[in-house]
Amino acid sequence: MDRQWSLEESTVVDAPPAVVYRLVSDLRNMGRWSPECRSVWVLRPPARTGSRFIGFNRRGPFLWPTVGRVTRMSPDSEFVFDVGVFGLPIARWGYRFEPEGTGTRLTEFWQDLRTDGYRARAADLLGTVFAGTNPARRVALNRAGMRTTLERIARTATAGA
């Protein structure tokens, strides 16, 4: 089977894009929604383009930190960040916010950045050792995690609307 390098999932949230964007762009919320992320420390809050942060992740007995950087913030339309470990690029994560009726189509996307050479092979190995997930299995875990994350964001946004 060929390796899948990107993925996206969507849901419709019963809240306007500005509300959903405000929730998602506060990275400290990720620990509430993601099944793997336990907490995020933004080094100089609030997050803005170029901001760095540390994510603390756990799945079963596996624990691992990531270092991230916000790469794009377009209020009400897009929020994107890259994560890595030990200086190796791992993934690009992002969210798109599109008006749909009186709500928002929220799309979460992921792109594997472990694409080339020895650095990619080292990052693959680290993912297997520290996160307990080889690259072939990562896509299925990410898809399930994205669906859970989107459901939790939708519930939070609806409860606050």
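## Around phenylalanine 79

Which residues is phenylalanine 79 in contact with, leaving aside its neighbours within four places in sequence? In this predicted model, the list runs to Tyr21, Val24, Ser25, Leu27, Val70, Arg72, Met73, Trp93, Gly94, Tyr95 and Phe97.

## The nonpolar core

Phe79 also turns up in the largest nonpolar core, a set of 33 residues. Along with Val20, Leu27 and Tyr95, Phe79 is listed there among the residues with the most contacts inside the core.

At least two core residues come from each of β1 (6–13), α1, α2 (30–33), β2 (37–42), β5 (78–85), β6 (88–100), β7 (103–112) and α4 (135–160). The top contributor is α4, which gives six residues. As a general point, nonpolar side chains in soluble globular proteins tend to be buried together.

## Proline 17

Now for helix α1, which covers residues 17–24 and includes proline 17. Proline 17 counts as buried because its relative accessibility is 14%, under the 20% cut-off.

What does proline 17 touch, not counting residues up to four places away in sequence? Its partners are Asp76, Phe97, Glu98, Pro99, Gly103 and Thr104. Take threonine 104: it sits 87 residues from proline 17 along the chain, yet their C-alpha atoms are separated by 5.3 Å.

Across the chain, pLDDT averages 90, and 87% of the residues score at least 70. Confidence is highest in β1, at 97, and lowest in helix α3 (residues 117–131), where the mean is 66.

How values were computed
Residues numbered from 1 in each chain as written. Predicted model: local features only at pLDDT ≥ 70, side-chain atom pairs only at ≥ 80, totals over all residues. Heavy atoms only, no water. Helix = DSSP H or I, 4+ residues; strand = E, 2+ residues; numbered from the N terminus. Buried < 20%, exposed > 50% of the residue type's maximum accessible area, 1.4 Å probe, protein only. Contact = heavy atoms within 4.5 Å. Core = buried A, V, L, I, M, F, W, Y, C linked by side-chain atoms within 4.5 Å. pLDDT = per-residue confidence, 0-100.
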